[in-house]
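Let's take a walk through this one together. Have the sequence and the 3D view open side by side, and we'll go from the whole assembly down to single residues.

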2 protein chains.
Amino acid sequence: MSGLPAADAPRFLRACRGEPVDRTPIWVMRQAGRYLPEYREVRSRTTFLGLCKTPELAAEVTVQPVRRFGVDAGIIFSDILVPVEAMGMPLVFDEGPHLPEPIKGQVDVDKLGVPDPAEKMGFVLDAIRIVRREIPSTPLIGFAGAPFTLASYMIEGGGSRNFEKTKVFMYEHSRTWRTLLSKLARTVILHLRAQVEAGCAAVQIFDSWAGSLSRDDYLSFALPYTIEIIDGMKDTGVPVIVFAKGVHACWDELSRSGADVLGVDWTSSLDQVASAVAGRVSLQGNLDPLTLFGPIERIERQVQRILNEARAARGHIFNLGHGILPETPVEHMAALVETVRREGRSRVPKDLG
Amino acid sequence: MSGLPAADAPRFLRACRGEPVDRTPIWVMRQAGRYLPEYREVRSRTTFLGLCKTPELAAEVTVQPVRRFGVDAGIIFSDILVPVEAMGMPLVFDEGPHLPEPIKGQVDVDKLGVPDPAEKMGFVLDAIRIVRREIPSTPLIGFAGAPFTLASYMIEGGGSRNFEKTKVFMYEHSRTWRTLLSKLARTVILHLRAQVEAGCAAVQIFDSWAGSLSRDDYLSFALPYTIEIIDGMKDTGVPVIVFAKGVHACWDELSRSGADVLGVDWTSSLDQVASAVAGRVSLQGNLDPLTLFGPIERIERQVQRILNEARAARGHIFNLGHGILPETPVEHMAALVETVRREGRSRVPKDLG
């Protein structure tokens, strides 16, 4: 993808780079998910991890929303904890993810490997290759969890409300924390690079729980490792999207991280964020996923509002401010994509006026 | 309290109003709570609601942290759902609050009363009178939930993750939503005014779940009703503190709401907020409650950081960025109060230099 001349690149990639587009591109986090009947059908044949690890099925659900809605990008179906399992930690999914042997100290961190993606996560790469054959003209996004979010799962042993164990670990064992996060950063770099090599045209780093941190803690304990990953991706030439959900006090630092695009959740306002990032990055977001539960006319008005607020951004990729929820009516998702397709803004380079 | 000449007023009240103080005052949200052994002892004698409704016991736990730590303000022990029960909705506490007959539409809203506080919530007022006799020189804070947060409990029937029912209600039944929130605002005004009359020197409005809303929705569906309450308190002369947890994109509007103080959670930075509110209000906050689980030297450094960041504020009341957690070591809470007492800044009026 990165070899394409800029003028022929799909609008999603052009928006990532802040280049002119005919209209605002759109894709939706968790677009391959439970709200789709065809996803539920495939999912009923296997477990969640089984779906992640069967390339044909993972590819099939990845392609489903692209075919149904004509969104401007696909995102490979997988889970952010796949590399964590590959590092050597047992992983099961019941209600949510569960890591029955959580990290308690240096000994546990020392035991973790930095896995070879082809050897340990080949199923993700195979799925990517299938998707590329099936929908060759739609850019495919690869992804990984940010080191902070991955570490929080590894230390808590699953989801958490207050991230008590994670923060105590960070505060009391700072050196071990830094060893762990460096190891995670190296693992993620290899994993993302392999995804690009298999055919991904962009990558997104999900820092789903970073919003639990103070500005001070985020800058000290989390962001440096995300930057390590961004640096490790630079020579691939693919755009890097960073979605640090809930982090709203660090736009300046995030916009100087080397990321091409910042994801914005629905609690921030794109015009305010655009002013804070001062044209250094494009923005992605940020409709409240719950908006899709309300009337269609309201969805249309909210899309208009967001398109207006995004005018000040260097580039804009429409998305929800978080993953689409399982109970979302499919026809409301369709209405969202239709509205962005109809109302999305064209951007021309300022110097060509 | 409001009758005192300003020069004799306690530092907590002076900081609320942006007046000179000898040092930064401190109190802590949920300071009367489960982390205290003497609280657990009293709590073991009755249920949670029983504790709220027995004036002698509610007063006793209110006074406990003031006596133990010498914090600069007390806050009456009660629950934000007490007025909701008084409006006519059954309320039980098991793990958390549970409202077995949630609001589904206009009929349910019409059935709700606007209760006379003396008649239906006299136990809160009695507890306030006892506390005032026990610790007459410490300002006592009265409180209530903001209409948005109360409505979310009433519609969800308890706590919630995504506030699905609340938002769908808001979007689909906007008129009924507005009737409900007006009724809540009137109830809260009467309840807060009664608390002031019984002896409270300031009031705090908790909008614990407002952070789930987009800026657009917060300004349209929530803030107007909080402003209604602030307006309804103006002639009492007591400072009004608004804590809209997680709302970080509306500092300008909040600072023009008529509130005297804005609570700030730990994910925002006081220097950034101070610059956004431009001296119109004082700020309260904002140590991450989890910091108290870490080493004491780190608590001291974080206190210093927050005191420094708060220099730009009109006035600063030290607090956590959310309620203190039940598992907090008591000696770490003591260290926090000690550190603020030792390091808290004095402020002199600029024109007296």
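Before we start counting, contact here means heavy atoms within 4.5 Å. Keep in mind, too, that this is a predicted model. By that contact rule, 34 residues of chain A touch 34 residues of chain B.

How do the two chains relate to each other? Two copies of a chain are related by a rotation about an axis and a shift along it.

Now for the interface itself. The size of an interface is often given as the accessible area lost when the parts come together. For chain A and chain B, that buried area is about 2,800 Å², and carbon and sulfur atoms give 52% of it. There are charged pairs as well: six salt bridges are found across the interface of chain A and chain B. One of the salt bridges pairs Asp288(A) with Lys167(B), with 2.7 Å between the closest N and O atoms.

Next, step inside a chain and look at the sheet. In chain B, seven strands form an open sheet with parallel pairing, in the order β1-β4-β5-β6-β7-β8-β9. At the edges of the sheet you'll find β1 (74-75) and β9 (316-320) of chain B; each has a single partner strand, so one side of each is left without a neighbour in the sheet.

Let's zoom in on two of the strands in chain B. Strand β4 (residues 140-145) and strand β5 (residues 202-206) of chain B run parallel and are joined by five bridges. Gly145(B) sits opposite Phe206(B) of β5(B). Lying across β4 and β5 of chain B is helix α11 (residues 174-198), which runs at about 170 degrees to β4(B).

Leaving out residues up to four places away in sequence, Phe206(B) touches several others, including Met29(B), Ile75(B), Phe143(B), Thr149(B) and Phe243(B). Take Phe243(B): 37 residues separate it from Phe206(B) along the chain, yet the two C-alpha atoms are 5.1 Å apart.

Over in chain A, the pairing shows up strand by strand. Strand β5 (residues 202-206) of chain A runs parallel to β6(A), with four bridges between them, and Phe206(A) has Phe243(A) as its bridge partner in β6(A). In a regular strand the side chains alternate between the two faces of the sheet. Strand β6 (residues 240-243) of chain A is covered on both faces: Val240(A) and Val242(A) are buried on one side, and Ile241(A) and Phe243(A) are buried on the other.

For a well-covered helix, go to α9 (residues 147-156) of chain A, where ten of ten residues are buried. Among them are Pro147(A), Phe148(A), Tyr153(A) and Glu156(A).

Gly285(A) and Asn286(A) are joined by a cis peptide bond, with omega about -5 degrees, and Asn286(A) belongs to strand β8 (residues 282-287) of chain A. In chain B, the peptide bond from Gly285(B) to Asn286(B) is cis too, with omega near -5 degrees. One belongs to Ala278(A), with a phi of about 45 degrees, in the loop between α14 (270-277) and β8 of chain A. The other is at Phe163(B), where phi is near 55 degrees. Phe163(B) sits in the loop between α9 (147-156) and α10 (164-172) of chain B, and at 5% relative accessibility it counts as buried.

Key
Residues numbered from 1 in each chain as written. Chains lettered and ligands numbered in written order. Predicted model: local features only at pLDDT ≥ 70, side-chain atom pairs only at ≥ 80, totals over all residues. Heavy atoms only, no water. Buried < 20%, exposed > 50% of the residue type's maximum accessible area, 1.4 Å probe, protein only. Pairing = 2+ DSSP bridges. Axes fitted to C-alpha atoms, helices over the stretch in contact; angles between N-to-C directions. Buried area = accessible area lost by both parts, 1.4 Å probe. Salt bridge = Lys/Arg side-chain N within 4 Å of Asp/Glu carboxyl O.
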